[in-house]
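Hello,

Here is the structure I promised to pass on. Have a look at it first, and then read on for my notes on the side chains.

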Amino acid sequence: MKRCPSCNQTYTDEALNFCLEDGTPLVVDPPATPVNAATVPMTPRYTDPPPTQIYQPNTSPTAQPWPQTQPTPYQPQPQYSPLPPPRRQRSSAVWWILGGLAVVTVLGIGIAVILIAVASISSDSNNNRSSNVNNRNGNANRLSNTNSSKNSARENPDPATTLPASASDDFSKQLWGVGTSQYGDTWYADNEYHMRSKDKTYLVMYAPNTNDYKTENATVRITTRNVDGISPVYGYGLLVLAAKSKDKNELEDYGFLIRTNETPAYKVVLHRDGKETNLVDWTTSDAIHSGTSPNLIEVRIKDRTLALYLNNQYATSITDSVPYKRGLAGLYTSDEHEIAFDDLEITR
């Protein structure tokens, strides 16, 4: 049994350590010595309630009062106001740098203009040229070789220069000019050289300017075929003694052309002073194969005589009245139909 020493209130609960009335720690009373109940006088009980006391919180070292925390007052955080960046002092070096960049830019533009001008001049000198077939005898644009080797101006034969006894081109290697222009298209396909002109225009392509392709006093042979079976109205065929004029950069050559429609025919033309002149008008020939069948065109040049053979049959002859010397071989087509050339042979 436990008792409050302050108010003498007793408690039987062994787990209770403090008085429920005033909070005083309880003490344990020793057990009473047993005596005869008949002889033990009864302890008088207080009939008056104990005096009222004000509750005092326990200050015993073992007592742990409930922690009282003070709320932290709200303190607004100051708003960040970044300082403006310090003003940079303009240095004279900036002007030197800007001036240098301006000079480099001007020089770059100047170099670009020069390169474009040089490329344009080179392109113009190599550009293909064409004439309108509606006015075959009038001055017109022409198409010359666009390959990497420029055709030089026509020159007199040099006796000291020896031409090879023979040369051939099976068109397995890309040596002639290829590409698309306002006058037509040229390309390689299936070991053949293909040409297709624009409508109402003829297309001329000269060989690379090397001794292998010179045709002076030579026999020139080439196989040609009409790919789509529709013959160009103004023909297609072989050019010999071909070059550009020294003064006007115009085409100069002799053209031996065929037409492979229902009535196959041939003709011979002269290119000079920007004109195409018929030397031999269209002449029908049974030697020419029509449709898509290949045809062999051969021109035998001896001094100033040029003889035409078609599929090994003699057709006609002309005289070089200009005369043209040391010219190249070349190819010709007209209108919009595809023509293929193969097996060019030049023997002397």
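Let me begin with a question: is Arg326 buried or exposed? Please keep in mind while looking that this is a predicted model. Arg326 has a relative accessible area of 10%, so it counts as buried.

**Salt bridges**

Arg326 has a charged partner: its side chain meets that of Glu216 in a salt bridge, at 2.7 Å from N to O. The two come from distant parts of the chain, 110 residues apart, with Arg326 in the loop between strand 17 and strand 18 and Glu216 in the loop between strand 9 (201-206) and strand 10. Glu216 is at 15% relative accessibility, and because buried means under 20%, Glu216 counts as buried too.

In total the structure holds 7 salt bridges. Two others involve residues of strand 8. One of these joins Arg196 to Asp185, with the closest N and O atoms 3.6 Å apart. Arg196 lies in strand 8 and Asp185 in strand 7 (residues 184-189), so this pair ties together parts that are 11 residues apart in sequence.

Glu192 sits in strand 8 and Arg225 in strand 10 (residues 219-226), so to speak two distant parts of the chain, 33 residues apart. Glu192 is buried, with a relative accessible area of 11%, and Arg225 is partly exposed at 26%.

There is also a network of salt bridges, which links Arg221, Glu298, Arg300 and Glu345.

**Charges over rings**

Arg300, a member of that network, also lies over the face of Tyr309, at 3.7 Å from the ring centre. Arg259 does something of this kind with Trp282: the charged end of Arg259 sits over the Trp282 ring, 4.2 Å from its centre.

**Aromatic pairs**

How many aromatic pairs does a search of the whole structure find? The search gives 9. In one of them, the ring centres of Trp176 and Tyr193 are 5.6 Å apart and the planes are at 45°, so the pair is tilted. Trp176 is in the loop between strand 5 (166-169) and strand 6 (179-181), and Tyr193 is in strand 8 (residues 192-197), which puts the partners 17 residues apart in distant parts of the chain. Trp176 is buried at 2% relative accessibility, and Tyr193 is buried at 0%.

A tilted pair is also formed by Tyr254 and Tyr324, at 5.4 Å centre to centre and with 55° between the planes. This pair links Tyr254 in strand 12 (residues 251-259) to Tyr324 in the loop between strand 17 (313-319) and strand 18 (328-334), 70 residues apart. Both Tyr254 and Tyr324 are buried.

Ring pairs also build a cluster, made up of Phe171, Trp176, Tyr188, Tyr193 and Tyr213.

**Nonpolar cores**

Trp176 and Tyr254 come up again in the largest nonpolar core, which has 42 residues. Together with Val240, Phe256, Leu306 and Leu310, they touch the most other members. A second, separate core has 9 residues, among them Tyr202, Leu239, Ala242 and Leu251. In soluble globular proteins, nonpolar side chains tend to be buried together.

What does Leu310 touch, leaving out residues up to four places away in sequence? Its contacts are Ile258, Tyr266, Ser285, Ala287, Ile288, Leu296, Ile297 and Ala315.

Asn295 is found in strand 15 (residues 295-302). Is Asn295 buried or exposed? At 2% relative accessibility, Asn295 counts as buried. Its side chain reaches the backbone oxygen of Ser293 at 3.3 Å. Beyond its neighbours within four places in sequence, Asn295 is in contact with Ile222, Thr223, Thr224, Ile258, Thr260, Ala287, Ile288, His289 and Asn311.

Notes:
Residues numbered from 1 in each chain as written. Predicted model: local features only at pLDDT ≥ 70, side-chain atom pairs only at ≥ 80, totals over all residues. Heavy atoms only, no water. Core = buried A, V, L, I, M, F, W, Y, C linked by side-chain atoms within 4.5 Å. Buried < 20%, exposed > 50% of the residue type's maximum accessible area, 1.4 Å probe, protein only. Contact = heavy atoms within 4.5 Å. Helix = DSSP H or I, 4+ residues; strand = E, 2+ residues; numbered from the N terminus. Polar contact = N/O pair within 3.5 Å; in protein donor to acceptor, adjacent residues only side chain to side chain. Phe/Tyr/Trp six-rings, centres within 6.5 Å; stacked < 30°, edge-to-face > 60°. Lys NZ or Arg CZ within 6 Å of the ring centre and 35° of its normal. Salt bridge = Lys/Arg side-chain N within 4 Å of Asp/Glu carboxyl O.
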